[in-house]
Amino acid sequence: MKSTISNLLTFLLVAMLSVSSNAQAPNKMSYETVVNNSTGTLVANRTIGMRVSLLQGSASGTEMYKETHTPTTNVNGLARIEIGGGTPVTGTFASIDWSSGPYYLKTETDITGGTSYTQTTTNQMLSSGYALYAKSAGSGEIANDAVTTAKIVNNAVTGAKIALGSDAAGDIMVYDGTDYTRLPVGTNNQVLTVSSGTPAW
């Protein structure tokens with residue numbers, strides 16, 4: 001169905017709200033749209049009905065999530081909602097696998113405030129600031145010498161947090177000039193000696 005929502009649709013999937021104190025991205029996205037009636041007149045200062053769907057793969061792809069809202073437009077016909085904060089109809093917003101995109105946002109509107117949605121628009125979702133930040137950290141690699149003693153809180157790194165493989169009580173981590181290697185624990189009464197900077201039993 002051809003949308004009668006303004007071509008000046010403001011599609012802001014950039015601000016996520018209620019950022020938690022540990023700086024994790026919250027499970028909400030801001031969305032704004034200017035709403036017109038069938039003659040192009042702004043629908044101002046009125047409660048409208050909206051249904052939002054997230055489609056995977058294409059504008060006609062698999063519906064992964066759906067929710068409803070009843071926002072009130074302002075004097076300029078602008079309606080604001082938080083995707084992820086509406087009334088769920090299908091799926092769970094927090095469980096969406098964003099790495100399996102692209103995703104498309106389908107919005108349906110009833111300008112009378114009900115559920116007879118007659119205005120429909122679908123747009124591909126673009127990257128938000130959080131998504132771009134996550135992409136930059138996606139490799140999980142840390143540059144050489146990037147982590148220094150000054151950047152590690154005392155006692156923050158413990159043996160339980162370091163995967164060393166076949167650990168055994170008494171094993172020693174030894175720096176060989178290039179990397180750290182494991183010196184397995186010796187047997188009873190063995191003496192640890194050092195030759196040319198290399199320890200050995």
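Guide: Start with burial: a residue is buried under 20% relative accessible area, exposed over 50%, and partly exposed in between (1.4 Å probe, protein chains only). Lys-66, for one, is buried, its relative accessible area being 15%. This is a predicted model, in which local features need pLDDT of at least 70 and side-chain atom pairs count only at pLDDT 80 or more, while totals for chains, interfaces and linings use all residues. Residues are numbered from 1 along each chain as its sequence is written, and side-chain values use heavy atoms, with hydrogens and water left out.

Visitor: What percentage of the 201 residues of the protein counts as buried?

Guide: The buried share is 25% of the 201 residues. The protein exposes about 13000 Å², and carbon and sulfur atoms supply 51% of that area. Accessible areas come from the Shrake-Rupley method with a 1.4 Å probe; for residues, only the protein chains shown count as cover.

Visitor: What makes a salt bridge, and how many does the rule give?

Guide: The rule asks for a side-chain nitrogen of Lys or Arg within 4 Å of a carboxyl oxygen of Asp or Glu. The count is five salt bridges. In one of them, Arg-80 pairs with Glu-32, with 2.7 Å between the closest N and O atoms. That pair links distant parts of the chain, as Arg-80 is in strand β4 (residues 78-83) and Glu-32 in strand β1 (residues 29-34), 48 residues apart.

Visitor: Is Arg-80 buried or exposed?

Guide: Arg-80 is exposed, at 54% relative accessible area, whereas Glu-32 is buried at 15%.

Visitor: Which residue forms a salt bridge with Arg-51?

Guide: The partner of Arg-51 is Glu-108, and their closest N and O atoms are 2.8 Å apart. Arg-51 is partly exposed at 23%, and Glu-108 is buried at 8%.

Visitor: Which residue does the side chain of Lys-66 meet in a salt bridge?

Guide: Lys-66 meets Glu-63, at 3.4 Å from N to O. Glu-63 is partly exposed, with 31% relative accessibility.

Notes
Helix = DSSP H or I, 4+ residues; strand = E, 2+ residues; numbered from the N terminus.
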